[in-house]
Amino acid sequence: MGFIRRFSRLVWLSTRAPKLPPLDIYDVCRSPRRVLLGDLDELRHMNNGAYLSNLDHARQELVVRTGLWKRMRDAGMYPVVGAQTIAYRKSLTLGQRYVIESRFLGLDDRAAYLEQRFVVDGEVYARAWVQGRFLFDAGGTVPMDELARVSGMDPVSHPIPGWLHEWAAQVRLPGTRQPAPSNWE
């Protein structure tokens with residue numbers, strides 16, 4: 001996704017998204033989009049990188065509309081993607097309209113989890129799961145009890161599926177203070 005498109009989308013998020021109806025922390029956020037020329041790859045369908053960039057923007061809309069962005073910034077914290085996976089079912093093509101549906105699934109002892117879907121006329125074209133970690137502006141990882149307090153998420157009443165715990169464990173890399181050598185076996 002080009003710089004101009006990314007910048008214009010961020011301007012839209014900062015000006016328009018706060019004026020949209022607010023959402024509860026577990027509500028589904030629906031973000032309408034259209035496939036643009038810059039989204040295409042050489043095979044004339046949406047490039048896998050464009051899917052991920054669009055997911056970034058839809059997540060930003062979700063945190064703005066739920067009020068989480070303001071609460072996080074007031075607490076001096078911000079989100080980063082720790083891991084994500086996406087499954088593609090059907091291609092999106094030039095000019096095609098779609099909606100990205102985004103929803104927080106919940107928290108575990110390390111991260112927050114979201115599900116995001118690319119939907120055309122009620123049909124899922126692609127689906128992603130995202131693990132978000134939260135950091136303090138001053139450095140360090142936000143403890144999950146602090147994130148639960150700031151976000152309003154309750155891991156007891158909204159537990160994440162067991163398979164998502166397994167996925168997170170399988171894709172986890174060592175922490176930044178531990179070695180992570182690139183050894184192909």
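This is a predicted model: local features need pLDDT of at least 70, side-chain atom pairs count only at pLDDT 80 or more; totals for chains, interfaces and linings use all residues.
A residue counts as buried when its relative accessible area is under 20%. Setting aside neighbours within four places in sequence, Ala112 touches Gly106, Leu107, Val130, Gln131, Gly132, Phe134, Leu147 and Met153. Pro179, by comparison, lies 67 residues along the sequence from Ala112, and the two C-alpha atoms are 25 Å apart in space.

Now for the whole chain. The protein has five helices and five strands, and reading from the N terminus they come in the order α-β-α-α-β-β-β-β-α-α. The C-alpha atoms fill a box of roughly 50 × 45 × 30 Å along the principal axes. How does the radius of gyration fit with a compact globule? For 185 residues, such a globule would come out near 16 Å, and the protein has 17 Å, so the two agree.

Burial and surface come next. Of the 185 residues, 38% count as buried. The protein exposes about 10,700 Å², and carbon and sulfur atoms supply 55% of that area. As for charge, there are 25 positive and 20 negative ones, and their mean positions are 6 Å apart. Contacts also reach well along the chain: taking those between residues at least 6 apart in sequence, 74% join residues at least 24 apart.

Another helix, α2, spans residues 48-65 and holds Arg59. Is Arg59 buried or exposed? Arg59 counts as buried, because its relative accessible area is 11% and the cut-off is under 20%. The side chain of Arg59 makes a polar contact of 2.9 Å with the side chain of Gln116.

Arg44 has a phi of about 70°, and its place is in the loop between β1 (29-34) and α2. With a relative accessible area of 64%, Arg44 is exposed, since exposed means over 50%. Asp121 is the other case, with a phi near 50°. Where is Asp121 found? Its place is in the loop between β4 and β5. Asp121 counts as exposed as well, because its relative accessibility is 80%. Arg59 and Arg44 therefore make a handy pair to look at in the structure: Arg59 is buried, whereas Arg44 is exposed.

Methods:
Residues are numbered from 1 along each chain as its sequence is written. Side-chain values use heavy atoms; hydrogens and water are left out. Helices (H or I, at least four residues) and strands (E, at least two) are DSSP runs, numbered from the N terminus. The radius of gyration is taken over C-alpha atoms; the globule rule is 2.2 Å times the number of residues to the power 0.38. Buried means under 20% relative accessible area, exposed over 50%, partly exposed in between (1.4 Å probe, protein chains only). Contact means heavy atoms within 4.5 Å. Accessible areas come from the Shrake-Rupley method with a 1.4 Å probe; for residues, only the protein chains shown count as cover. Lys and Arg count as positive and Asp and Glu as negative; His and the chain ends are not counted. The place of a charge is taken as NZ of Lys, CZ of Arg, CG of Asp or CD of Glu. A polar contact is a pair of N or O atoms within 3.5 Å; within protein, one must be able to donate a hydrogen and the other to accept it, and residues adjacent in sequence count only if both atoms are side-chain atoms.
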